[in-house]
Amino acid sequence: CICLAANSKKNVLLNCYFKGNCVPKTGGAIYIASNTQFLYIGHCYFSTNIAMEKSSELYISGTGHMFFKNSSFINNKNVNVAIIYINCTGISLQNSFISGRGITKGNIILKALIKKFIYFKMFEFQCPEFTILKEDREDLDKETVRVMYRCATCDDNFYIVYSGMWSVHKYIGKLKPNDQQYECNRCPDRGDCTGGMIKATPHYWGYITDDRVEFVLCPREYC
């Protein structure tokens, strides 16, 4: 893994592959705690890196402008930390992908403290099965925002069939309700949606149509 703790004007990482690194604290692949004015990560791949605190793949603090382009983050470990933690002036995520399909349900994909701007273009978040992507946002002042994207189960009496995905062509600012590709649906008749997961009640079976489940009575002696 990489650790940068000195002041610098510009850091660039190109065509890098980080997989299976493990650290006792934070930043399983990259740890940066310096007054870097510009950080660019391009054409890089991060997979199943592990850390015990704050972030498993990247921990970046004290950076000016942060740019990701053509990079992927695939985390398949149930470690109770964010995939990426960022504290910077501005963040730009382009043509990139973050998958948290293997993380603990309710866990954090991206946690950031941003002072100037958030810009996403051709970017995608992906959550584990039966969870949905949620944005928690706190505007601290006119320029600074604390934002967190996390995977969460649906409320009781609601369910989701597919994993929560958020795929955008261009985004500046706040997640809108229609940005979700999949949303929680109200539990149908003859369904049990305790804990955000759906199952049939006795003597009924279900089938999927688009992103919804419907239940019908089983033939005699079948279920």
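Reader: Is Cys22 buried or exposed?

Author: The general idea is to look at the relative accessible area: a residue over 50% counts as exposed, and one under 20% as buried. In this predicted model, Cys22 has a relative accessible area of 56%, so Cys22 is exposed.

Reader: And what about Cys88, buried or exposed?

Author: Cys88 has a relative accessible area of 1%, so Cys88 is buried.

Reader: How many disulfides does the structure hold?

Author: The idea here is to look for two cysteine sulfur atoms within 2.5 Å of each other. The structure holds 3 disulfides. One of them is formed by Cys127 and Cys151, with 2.2 Å between the sulfur atoms.

Reader: Which parts of the chain does the pair of Cys127 and Cys151 link?

Author: The pair links distant parts of the chain, 24 residues apart. Cys127 sits in the loop between β12 (108-126) and β13 (132-139), while Cys151 belongs to strand β14 (residues 145-152). Both Cys127 and Cys151 are buried.

Reader: Why is the disulfide of Cys127 and Cys151 called left-handed?

Author: Read the torsion about the S-S bond. For Cys127 and Cys151 the torsion is about -85 degrees, so this disulfide is left-handed.

Reader: What can be read from the disulfide of Cys154 and Cys184?

Author: Start with the distance: the sulfur atoms of Cys154 and Cys184 are 2.1 Å apart. The torsion about their S-S bond is about -85 degrees, so this disulfide is left-handed. The pair links distant parts of the chain, 30 residues apart. Cys154 is in the loop between β14 and β15 (158-159), and Cys184 is in the loop between β17 (171-172) and β18 (185-186).

Reader: Is the disulfide of Cys187 and Cys193 left-handed or right-handed?

Author: The torsion about the S-S bond of Cys187 and Cys193 is about 80 degrees, so the disulfide is right-handed. The S to S distance is 2.1 Å. Cys187 and Cys193 are both buried.

Reader: Now the rings. How many aromatic pairs are there?

Author: Rings pair if their centres lie within 6.5 Å. By this rule the count comes to 13 aromatic pairs. In one of them, the rings of Phe38 and Phe67 have their centres 5.3 Å apart and their planes at 35 degrees, so the pair is tilted.

Reader: Where do Phe38 and Phe67 lie?

Author: Phe38 is in strand β6 (residues 38-42) and Phe67 in strand β9 (residues 55-69), so the pair ties together parts that are 29 residues apart in sequence. Phe38 is partly exposed, at 26% relative accessible area. Phe67 also counts as partly exposed, with 23% relative accessibility.

Reader: How is the pair of Phe120 and Phe123 arranged, stacked or tilted?

Author: Planes under 30 degrees apart count as stacked. Phe120 and Phe123 have 25 degrees between their planes and 5.3 Å from centre to centre, and the pair is stacked. Phe120 is buried, with a relative accessible area of 1%. Phe123 counts as buried as well, at 2% relative accessibility.

Reader: Which residues do ring pairs link into a cluster?

Author: Follow the pairs from ring to ring. Here they link Phe18, Phe46, Phe68 and Phe73 into a cluster.

How values were computed: Residues are numbered from 1 along each chain as its sequence is written. This is a predicted model: local features need pLDDT of at least 70, side-chain atom pairs count only at pLDDT 80 or more; totals for chains, interfaces and linings use all residues. Side-chain values use heavy atoms; hydrogens and water are left out. Helices (H or I, at least four residues) and strands (E, at least two) are DSSP runs, numbered from the N terminus. Buried means under 20% relative accessible area, exposed over 50%, partly exposed in between (1.4 Å probe, protein chains only). Rings of Phe, Tyr and Trp (its six-membered ring) pair if their centres lie within 6.5 Å; planes under 30 degrees apart count as stacked, over 60 as edge-to-face and the rest as tilted.
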